Amino acid sequence: MKPVVWVLIALMAFAANSILNRLALLETAIDPISFTVVRIISGALVLGMIVLIRARWLQTRARSVPAGRGSVVSALALLAYAVLFSLAYVSLTAATGALLLFGSVQISMVSWTLMQGERMSGLAWAGFGLALTGLIWLLLPGLTAPPLIPAILMIGAGVAWAIYTLRAKAGGDPTAATAGNFIIASVPALLLGVIFFGQARWDSSGIALAMASGALASGLGYVIWYFALTLIQTRTAAVAQLQVPVITALAGVVVLAEPLSLRVLIAGGIILGGILLVIAPWRRTR
């Protein structure tokens, strides 16, 4: 298949996480903590099997197995993202949640690079300010503003995901490292499930949606994305990710019958347009 097809499949998988999570919390009995626990464990199982099968396949052909393993810090950041993500989607629409998540991830990552001494052009600074303004405007009080606490939770999820992403740049095989992080995260996830067991609720449909989110949208989605990254330029990948909130919003309308407010549409255009300005003219100089 062409690179664009692999990229599109990965982006649809990322968007599916929002839809599956929101659908489970709306239409099934499962609670957000139970959804998260099943999602993390399902992702760990699928990624672990993929890494194991790949390693054995490479060994039979006398090829070296790529190095890469997870870390406790990255695993905790992954779990924090997943928990806050599910808690926020109790009250947020798929489109609003995806926009808050994506905007906070990108703003957090750019802020970190600036603190590390990176520099941006004037146009990129304008884009950064535009994206931040759009995010703040989306949160300002009003009839169509998202609920504040769930919005803050989703922004927290975005910050956690930014930490996870920045740590992933340390090197090593990304698929093996992701598998390791999911496996490590399964331990505190199970502990979290035990702590909140008295409040847990689930049914077969909710479990199935959580497993799909972990095994397919997360596990296989990341594997496909990492493969797609070997076929395209980094900047192309960064721009392509701008489509995730758009795909999520459209899927939310079609699958969940969620309305799109004018405020979300305008704020989304401002945030994504600002991020595009940051990505396009980026020049890394000390």
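At what angle do helix 7 and helix 8 pack, and how far apart are their axes? The views below come from a predicted model, in which local features need pLDDT of at least 70, side-chain atom pairs count only at pLDDT 80 or more, and totals for chains, interfaces and linings use all residues. Residues are numbered from 1 along each chain as its sequence is written, and side-chain values use heavy atoms, with hydrogens and water left out.

**View 1. Helix 7 packs with helix 8.** Helices are DSSP runs (H or I, at least four residues), numbered from the N terminus. Axes are lines fitted to C-alpha atoms over the stretch in contact, and angles run from 0 to 180 degrees between N-to-C directions. Helix 7 is therefore roughly antiparallel to helix 8 (over 145 degrees). Pro174, Thr175, Thr178 and Phe182 of helix 7 meet Ser218, Tyr222, Val223 and Tyr226 of helix 8 (contact: heavy atoms within 4.5 Å).

**View 2. Thr248 sits in helix 10 (residues 243–255).** Thr248 is buried, at a relative accessible area of 0% (buried: under 20%, 1.4 Å probe, protein chains only). Leaving aside residues up to four places away in sequence, Thr248 touches Ala15, Ser18, Ile19, Ala94, Ala95 and Ala98.

**View 3. Helix 11 has buried residues.** They are Arg263, Val264, Ala267, Gly268, Ile271, Leu272, Gly274, Ile275, Val278 and Ile279.

Terms used
Buried means under 20% relative accessible area, exposed over 50%, partly exposed in between (1.4 Å probe, protein chains only). Helices (H or I, at least four residues) and strands (E, at least two) are DSSP runs, numbered from the N terminus. Angles under 35 degrees count as roughly parallel, over 145 as roughly antiparallel, 65 to 115 as roughly perpendicular and the rest as oblique.
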